[in-house]
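Visitor: I'm new to this one. Could you show it to me and walk me through a few spots?

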Amino acid sequence: HRCADGCAPVEAGAAVCCGDGTACASGYRCADRPSFGPACVRARGDREAAPEFIPEAAPGPRPEPVPVLAAAEAPGAAVPLPMGTAGWELRYHLCRAGALPLHRLALPAAPPGQPLLFPYYSNLGPVGHHAAASAEVALIVQHGSGRNADDYFCSGVQAAAMAGLGGGRALVLAPRFMEPADGPPPSVVWWNGTFPEGCWRCGAESDPRASRDGLATASSSHF
């Protein structure tokens with residue numbers, strides 16, 4: 001999700017842009033916590049501090065509701081309450097990577113004259129480029145079932161900068177495993193998402209329909 005001042009690496013739902021270089025996930029609002037500072041507070045109006053209970057396995061008396069307080073608000077509390085259970089979480093720092101540089105890696109398994117390409121994001125150009133080869137550290141960030149490689153790449157670029165590895169010192173790579181819903185272009189490998197034969201997360205072969213002859217495939221385990 002893009003805010004006016006950067007990209008918010010939020011996996012689920014649209015981001016809530018805070019306007020100060022940070023953002024919150026959907027369902028939260030930008031606010032300040034006492035003695036903590038900028039945070040994301042669950043958007044529940046007056047019910048923000050309402051506790052959440054785990055359903056009981058067997059019938060039994062339910063405990064009396066008690067207010068859930070942040071560490072700074074709980075008198076005598078020695079250990080802060082975990083984020084989320086207290087109705088708040090840390091803000092996302094926006095990534096300012098600019099235009100997302102999507103590249104395509106030519107796979108050696110492709111037959112002659114029929115390229116089979118694998119998409120990935122890179123902050124220093126294609127793999128093998130002189131800028132990538134001169135990097136001191138390589139950071140590979142792999143997306144999950146949401147296949148939002150752009151969000152993961154954005155987070156990786158931000159993490160490298162926060163670690164003092166900006167300015168080309170770190171090569172950040174984010175592979176992108178595609179499925180039909182992602183609209184893969186011709187010759188780009190994709191997986192059909194079925195389990196287990198078309199499951200890229202299981203190390204399965206890509207769908208042969210991605211190749212011109214309908215035969216060539218690539219295994220996600222090779223990457």
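Guide: Here are some questions and answers about this predicted model.

Visitor: In what order do the 4 strands of the open sheet come?
Guide: The pairing in this sheet is mixed. Strand 9 (102-106) and strand 11 (137-140) each have a single partner strand, so they stand at the edges.

Visitor: At what angle does helix 2 run to strand 12?
Guide: Helix 2 covers residues 149-162 and lies across strand 10 (117-122), strand 11 and strand 12. Its angle to strand 12 is about 165 degrees.

Visitor: Is Arg147 buried or exposed?
Guide: Look in the loop between strand 11 and helix 2 for Arg147. Its phi is positive, near 55 degrees. Most residues other than glycine have a negative phi. Relative accessibility is 17%, and the cut-off is under 20%, so Arg147 counts as buried.

Visitor: Which residue takes a positive phi in the hairpin of strand 5 and strand 6?
Guide: Strand 5 (residues 28-33) and strand 6 (residues 37-42) pair in the antiparallel sense over 6 bridges. The hairpin has 3 residues between the strands, and the one with phi near 60 degrees is Ser35.

Visitor: What is omega for the bond joining Phe195 and Pro196?
Guide: Pro196 sits in the segment after strand 12. The bond from Phe195 to Pro196 is a cis peptide bond, with omega about 0 degrees.

Key
Residues numbered from 1 in each chain as written. Predicted model: local features only at pLDDT ≥ 70, side-chain atom pairs only at ≥ 80, totals over all residues. Heavy atoms only, no water. Pairing = 2+ DSSP bridges. Helix = DSSP H or I, 4+ residues; strand = E, 2+ residues; numbered from the N terminus. Contact = heavy atoms within 4.5 Å. Axes fitted to C-alpha atoms, helices over the stretch in contact; angles between N-to-C directions. Buried < 20%, exposed > 50% of the residue type's maximum accessible area, 1.4 Å probe, protein only.
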